[in-house]
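Student: Could you take me through the aromatic pairs in this structure, and then the core and the pocket that go with them?

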Amino acid sequence: MKTLYLDCFSGISGNMFIGMLIQAGVPFDEFKQAMTALNLEGYSLICESVSKLGIQSIYYNVLLDSEKNRHDEHVHGDHGHAVDTAGHHHHHEHRGLSEITKIIEAAPYKESIKKKSLQVFQNLAQAEAIVHGVPVDKIHFHEVGAIDCILDIVGTIWALDYLGIEQVASSALHVGSGFVKCAHGVMPVPAPATAELLTGIPYYDTDVWGELVTPTGAALVKTLASYIGPRPDTFIHDRVAYGAGTKDLEIPNVVRGFIGQANAW
């Protein structure tokens with residue numbers, strides 16, 4: 001089976017995941033065209049080649065119209081929150097799960113892409129609902145409802161399908177340390193929704209400061225990975241790709257993807 005193994009030594013976020021898949025062979029122009037099917041407005045997409053401590057990576061991100069003047073900060077700054085949400089929640093529309101479902105269902109994608117995308121959102125919704133003590137169908141999400149989050153999740157699933165990835169596996173997740181500014185205040189790393197999503201998933205922290213795994217990144221791994229743990233000795237890859245995050249850390253802020261053939265995990 002064509003297999004992607006995620007090496008999350010510097011965490012993972014939705015945009016890092018997509019950047020890695022673009023470097024792995026997804027044409028950005030085709031990706032951008034495919035995302036227009038969601039009929040979302042008020043954004044543009046960034047795709048740039050950047051160096052993270054000497055590792056050439058693809059930096060992909062969703063830039064909301066209200067944030068265009070922050071582009072340079074997105075590439076070089078450190079906002080405390082990984083790039084999925086960029087720490088600017090108040091600029092984002094809030095949408096409930098039912099509205100997000102309608103947006104995705106209305107798009108002309110394969111049913112498998114829609115189904116997996118909605119599974120990721122369902123996991124995110126359940127985590128937020130547990131953290132806030134609110135039923136899933138009553139909650140409006142700060143991170144989940146944002147335009148960039150919809151594009152990151154659907155975009156990741158679409159790109160995996162484009163590359164013909166049949167299964168996804170992942171290393172344990174490096175979550176970082178310290179505190180992060182969220183819509184509700186200053187929270188410990190991993191943030192509460194992320195911690196909920198990491199239930200049953202091996203992760204670790206180090207003295208690298210900041211939030212390295214975002215809720216979207218955690219939800220993608222939780223939903224897609226059929227195996228999480230050390231890279232199996234039997235897995236032989238034929239391609240390596242890197243997706244860059246926003247942060248400049250003492251370690252390269254990238255997610256590394258190994259693509260090759262493996263038996264079902």
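Tutor: What follows begins with the aromatic rings and then turns to the core and the pocket.

This is a predicted model, in which local features need pLDDT of at least 70 and side-chain atom pairs count only at pLDDT 80 or more, while totals for chains, interfaces and linings use all residues. Residues are numbered from 1 along each chain as its sequence is written, and side-chain values use heavy atoms, with hydrogens and water left out.

A search of the whole structure finds five aromatic pairs, where rings of Phe, Tyr and Trp (its six-membered ring) pair if their centres lie within 6.5 Å, and planes under 30 degrees apart count as stacked, over 60 as edge-to-face and the rest as tilted. In one of them, the ring centres of Phe-31 and Tyr-60 lie 5.4 Å apart with the planes at 85°, so this pair is edge-to-face. Phe-31 belongs to helix H2 (residues 28–35) and Tyr-60 to strand S3 (residues 55–64), so that the pair links distant parts of the chain, 29 residues apart; helices (H or I, at least four residues) and strands (E, at least two) are DSSP runs, numbered from the N terminus. Both Phe-31 and Tyr-60 are buried, meaning under 20% relative accessible area, whereas exposed is over 50% and partly exposed lies in between (1.4 Å probe, protein chains only). Ring pairs also join Phe-31 and Tyr-60 with Trp-158 and Tyr-162 in a cluster.

Tyr-60 is also in contact (heavy atoms within 4.5 Å) with Leu-151, whose other contacts beyond four places in sequence include Met-35, Leu-38 and Val-62. Leu-151, Met-35 and Leu-38 are among the residues with the most contacts inside the largest nonpolar core, which has 66 residues; such a core is a set of buried Ala, Val, Leu, Ile, Met, Phe, Trp, Tyr and Cys residues joined through side-chain atoms within 4.5 Å. Helix H6 (residues 147–162) gives this core its largest share, ten residues.

H6 also supplies at least two residues of the lining of the largest pocket, as do H5 (111–132), strand S6 (167–170) and H8. That lining comprises 14 residues, with Lys-116, Leu-160, Ile-165, Glu-166 and Leu-224 nearest the centre; a pocket, on a 1 Å grid over the protein atoms alone, is an open set of points where a 1.4 Å probe fits, with protein on both sides within 12 Å along at least five of seven lines, and lining residues have an atom within 4 Å of a point. Leu-224 is one of the buried residues of H8, and nine of the ten residues of H8 (residues 215–224) are buried, so this helix is largely enclosed by the rest of the structure.
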